[in-house]
Amino acid sequence: MPQPPADTNSSTGFDANLLAFTHQLRGEGVAVGTAELLDATAAIGHVAWADRDAVHGALSATLAKSPEDRRIFDIVFDRFFFRAAEQAALDLGEPVAGSQPGDEDAARIDIEKLKQQIAQALRDGSDGSVRDMARLAVAAFGQTQGGSGVVGVDVQRIRRELPAEDARAAGIPRDRLRLFEKEVRRELERQTIERTRSLPPARPLGDLERGLPTGPAQDLAEIHKVIAQLRRKMATNGQLLRGQKRSNVIDVRKTVRASLQTGGVPVVLKQRPKRPKRPEIFVLCDVSTSVTSSSVFFLSVLHALHDSFRKMRSFVFIERISEVTEVFEKERDFKKISRAITTDAGVADVSGYTDYGRVWSEFLAQIESELHPRATVIVLGDARTNGRPAREDLFAQVAARAGRTFWLNPEPKLYWNYGDSVINAYAEYCIAYECWTAAHLSDFVEALTRPGTPRASQR
Amino acid sequence: MSTGPKTAEDLAAQLTADGYLADTQTALVAWLAIELGKPVLVEGPAGVGKTELAKSLSRVLDRDLIRLQCYEGLDEAKALYEWNYRKQLLRIQAESDGAGWDKVQDDIFGEEFLLERPLLEAITSEEPVVLLVDEIDKTDQEFEAMLLELLSDFQVSVPELGTMTSKSHPVVLLTSNNSRELTEALKRRCLYLWIDYPEAEHELAIIRLKAPELSATVSAKLVELVGEIRALDLKKPPSIAESIDWARALLLLGADSIDSKVFAETMSVIVKHRSDLETVAARVGMKLAGGDAATAS
């Protein structure tokens with residue numbers, strides 16, 4: 001068990017460790033001020049340092065002050081003190097903690113029995129016994145099959161060895177399984193460190209780890225909160241869209257009134273406020289099965305956009321497109337809108353698979369004459385063609401006629417262009433954004449409302 | 001703070017004895033709050049025992065609980081202090097013949113004419129108290145700013161009297177349902193405690209504590225069902241308070257198991273929205289009938 005290194009560590013005291021820890025937290029975007037640091041130091045003084053939970057509790061109470069921060073805090077805490085403990089062990093030249101029950105024991109472990117024991121520990125054991133079991137599992141399965149050297153692969157392999165299906169039927173809560181996986185991962189990392197005698201380089205948290213939780217239940221509220229903020233932002237940022245007219249019109253009435261202060265001499269010229277140029281927005285939203293998880297997100301984005309931009313037309317598509325502008329104009333309630341769209345928008349086609357080529361041609365046929373250089377086209381979709389022709393030439397036509405074209409992709413950039421994703425073909429003609437967290441969305445909104453964004457394409 | 005709990009575990013045990021089952025983090029933060037003399041910001045969904053924590057803490061520490069319920073439009077006059085102007089008027093009238101202006105003026109802005117509201121009361125109390133500022137997220141940002149002086153230095157400035165510093169150090173708890181983001185300044189001055197829906201074991205222990213007459217099997221079943229209901233996408237997921245209510249309702253009905261009939265009858269105790277009722281009836285109620293048939297056969 002990784003103990004928080006206490007002041008026995010001669011080169012660095014606990015204060016220095018705490019400082020390094022808060023530094024990492026700041027690096028991950030948690031706002032930790034000096035006041036918080038002082039609090040944390042004071043709080044640490046009141047708990048037992050040997051008790052990991054107590055230290056964790058005291059630090060989290062003083063350093064991480066929102067549920068989002070808490071999530072990042074937990075990850076950073078685990079990582080930091082795990083690394084600190086391993087580093088200390090390496091420095092002291094001792095065998096890394098917890099590797100002993102490895103080789104000689106493993107020979108004696110009966111795999112079938114071990115599986116049972118693991119299931120038992122998962123069901124009603126303490127966290128500590130799960131940790132022990134993880135250690136045994138690594139030793140046993142590692143010996144029979146040999147490690148692949150890649151931690152993630154090994155974790156999956158061990159996970160598969162478990163009687164997982166029966167386990168779930170036997171009522172093992174999912175979070176226990178997850179805990180087990182985490183312990184296995186940690187044990188494997190520990191062995192790697194022991195083998196190579198060095199720590200792998202620290203890496204910042206990936207977006208994947210800090211992304212919004214994707215459980216359907218809690219997500220919606222989260223999204224609505226973000227959207228509400230976005231709406232305000234759009235309302236204020238929208239002002240920036242006011243025309244870039246070169247010549248201004250003098251407001252005679254105001255100028256005369258201002259001139260009273262200077263004895264009737266119009267020293268200060270008052271100009272008429274510029275009328276904002278309403279952007280015209282066309283939104284195409286994919287509602288097929290491959291984006292099911294994000295389509296709620298997208299529909300609420302659509303909803304918010306409709307509230308902020310008067311001149312806007314929206315379409316949903318799977319195989320064909322269908323205009324839903326009216327639905328949004330008639331209904332204010334989000335739930336009713338999403339029901340109306342999913343039931344009678346007329347997009348629920350035979351296969352349920354997206355056909356981008358057809359979508360573009362239909363869109364062009366319906367809308368081409370209405371596209372103009374001040375129009376903005378936004379596509380919400382994952383660019384997965386299901387093997388059908390991408391027809392980027394048609395998309396290029398759309399992009400050429402519209403002023404700006406954006407693509408919001410609900411997949412992490414990592415998965416772009418894998419499998420049947422053809423986002424790169426389209427990205428030539430538009431600006432593609434990955435958009436699966438609120439932060440991404442607000443990045444995009446900034447780009448959208450920024451005046452004078454260059455016409456799409458990097459070519 | 002010579003008396004009272006010595007360690008966080010000690011405090012947890014005392015809270016349990018009082019009928020509040022605190023998890024380790026809750027007990028730890030509460031204990032740190034007492035030790036460090038810092039206010040605690042408690043956040044979490046409605047009905048997980050945020051307010052109850054303050055009440056129980058006041059009993060354990062043997063202190064008075066002063067509660068300030070926040071709402072939109074709450075202002076200084078209702079939270080901090082107000083001049084008792086009627087009394088001031090009386091005073092002026094009574095003295096109008098003899099005394100000079102200066103004397104009366106000095107007199108009428110004395111502590112005697114100050115109406116203490118909860119915050120000032122907590123500050124001026126001779127005995128240490130527990131101050132509960134409930135649902136701070138309901139107030140306006142300006143009110144939050146006003147609290148800052150109190151939270152960081154435990155003092156209140158009354159322009160006519162000067163600064164009033166606390167005689168005893170109160171334990172301050174602020175609760176929030178997270179309906180709006182609180183300002184950084186406020187958060188910086190507080191310890192932070194997030195209370196979530198409890199894990200099944202913990203909730204079972206709470207139910208057993210609050211409704212001890214309910215049989216163990218029914219309680220376990222109840223906790224399991226509530227957990228299932230919480231996993232659904234509801235407008236208002238049932239909280240601990242509601243599980244306790246449900247346990248007591250079952251007790252009153254003398255139910256010895258939760259079958260679909262009992263569930264349909266008592267469902268309204270834990271689910272408070274019409275649309276939610278439909279969802280729960282469809283998703284959980286149906287399953288329950290199947291489960292019972294299986295056990296019966």
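The model is predicted: local features need pLDDT of at least 70, side-chain atom pairs count only at pLDDT 80 or more, and totals for chains, interfaces and linings use all residues. Residues are numbered from 1 along each chain as its sequence is written, while chains are lettered from A and ligands numbered from 1 in the order in which they are written.

**Chain B**

Chain B contains 14 helices and nine strands, where helices (H or I, at least four residues) and strands (E, at least two) are DSSP runs numbered from the N terminus. Of its 297 residues, 35% are buried, a term applied when 20 or more other C-beta atoms, placed from the backbone, lie within 10 Å of the residue's own. Two residues are in contact if their C-beta atoms, placed from the backbone, lie within 7 Å. Among the contacts of chain B with a separation of 6 or more, 76% join residues 24 or more positions apart.

**The two sheets**

Strands are taken to pair if DSSP finds at least two bridges between them.

| Sheet | Strand order | Pairing |
|---|---|---|
| Chain A, six strands | β3-β2-β1-β4-β5-β6 | mixed |
| Chain B, five strands | β2-β5-β8-β1-β9 | parallel |

In the chain B sheet, β2 (64-69) and β9 (191-194) each have a single partner strand, so one side of each is left without a neighbour in the sheet. Strand β2(B) pairs in the parallel sense with β5 (residues 129-134) of chain B over six bridges, and B:Gln69 stands opposite B:Asp134 in β5(B).

In the chain A sheet, the edge strands are β3 (321-323) and β6 (431-434). Strands β1 (residues 280-286) and β4 (residues 375-380) of chain A pair in the parallel sense over six bridges; here A:Cys285 stands opposite A:Leu380 in β4(A). Helix α17 (residues 356-367) of chain A lies across β1, β2 (312-317) and β3 of chain A, and runs at about 35° to β3(A). Axes are lines fitted to C-alpha atoms, for helices over the stretch in contact, and angles run from 0 to 180 degrees between N-to-C directions.

**Nonpolar cores**

A nonpolar core is a set of buried Ala, Val, Leu, Ile, Met, Phe, Trp, Tyr and Cys residues joined through C-beta atoms within 7 Å. The largest has 97 residues, of which B:Ala30, B:Val40 and B:Leu193 touch the most other members. Not counting residues up to four places away in sequence, B:Ala30 touches B:Leu11, B:Val40, B:Leu53 and B:Leu57. A second, separate core of 52 residues includes A:Val301, A:Leu302, A:Met312 and A:Leu408.

Methods: Buried ≥ 20, exposed ≤ 12 C-beta atoms within 10 Å, placed from the backbone.
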